[in-house]
Amino acid sequence: MAHGNTAPEIVTERLRLRSFRADDFEEYAHLVGHPLVARHVGDGTPLDRAAAWRHLAMVLGHWILRGCGMWAVEHHGRMVGRVGLLHPDGWPELELAWALHPEVWNHGLATEAAAAAMDWAFDVHGADRLISMVRPDNTTSIRVAEKLGMHREDSLVLLGQPALVYARGRDIRQASP
């Protein structure tokens, strides 16, 4: 299991997954404050700057408290989103999660980033199973989960919103999409 306060860097064909830095905050605040992104995350409400700061601190704290966490997703030198592992107190299981700026949607970047994070979770972190909780109307993220070899397993209410639970175990290996 990896430990430390920074994310290990992962490079894919088009992306660099790296630790968040202080200079990412403006882009991060834009991401979590964007109505199209927020409708599928948390309670569905865009975050203001103060809440975005607290959320980014929680994301960074995961690396220290859990030995895993979220990466900043960099594309052509710009931070365009986040991807990685979440397991805050009260969460059902270790979750593989992703959120990208709408400007880069529909180019396969979420699948590419999530596949790299999933490989790291199984191969380095030692996870046996991952879930992704997706809003029923988020057809794009449902497709990403399915491309990653995840299967719908359950539904639940998370933060007052309905969510579909997609899951995949370590033993179901396939080439990354």
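Biologist: Which side chain has a polar atom 2.6 Å from the backbone nitrogen of Ala7?

Modeller: That side chain belongs to Ser19, in a predicted model, and its polar atom lies 2.6 Å from the backbone nitrogen of Ala7. A polar contact here is a pair of N or O atoms within 3.5 Å; within protein, one must be able to donate a hydrogen and the other to accept it, and residues adjacent in sequence count only if both atoms are side-chain atoms.

Biologist: Where does Ser19 lie?

Modeller: Ser19 is in the loop between β2 (15-18) and α1 (25-33). Helices (H or I, at least four residues) and strands (E, at least two) are DSSP runs, numbered from the N terminus.

Biologist: Is Ser19 buried or exposed?

Modeller: Ser19 is buried, because its relative accessible area is 17%. Buried means under 20% relative accessible area, exposed over 50%, and partly exposed in between (1.4 Å probe, protein chains only).

Biologist: Which residues does Ser19 touch, not counting those up to four places away in sequence?

Modeller: Ser19 touches Thr6, Ala7, Asp24 and Ala72. Contact means heavy atoms within 4.5 Å.

Biologist: What ground rules apply to the numbering and the model?

Modeller: Residues are numbered from 1 along each chain as its sequence is written, and side-chain values use heavy atoms, with hydrogens and water left out. Because the model is predicted, local features need pLDDT of at least 70 and side-chain atom pairs count only at pLDDT 80 or more, while totals for chains, interfaces and linings use all residues.

Biologist: What pLDDT does the protein average?

Modeller: The average is 91, and 94% of the residues score at least 70; pLDDT is the predictor's confidence in each residue, from 0 to 100. Confidence is lowest in helix α2 (residues 35-38), with a mean of 90, and highest in β2, at 98.

Biologist: Where is Leu130 found?

Modeller: Leu130 is in strand β6 (residues 129-134) and counts as buried because its relative accessibility is 0%. Beyond its neighbours within four places in sequence, its contacts include Leu85, Leu96, Met118 and Tyr166. The C-alpha atoms of Leu130 and Leu85 are 8.7 Å apart, although 45 residues separate the two along the chain.

Biologist: At what angle do the axes of α1 and α3 cross?

Modeller: The axes of α1 and helix α3 (residues 49-66) cross at roughly 110 degrees and come within 9 Å. Axes are lines fitted to C-alpha atoms, for helices over the stretch in contact, and angles run from 0 to 180 degrees between N-to-C directions. The two helices are therefore roughly perpendicular, since angles under 35 degrees count as roughly parallel, over 145 as roughly antiparallel, 65 to 115 as roughly perpendicular and the rest as oblique.

Biologist: Which residues of α1 meet α3?

Modeller: Phe25, Glu26, Tyr28, Ala29 and Val32 do, and their partners in α3 include Trp53 and Leu56.
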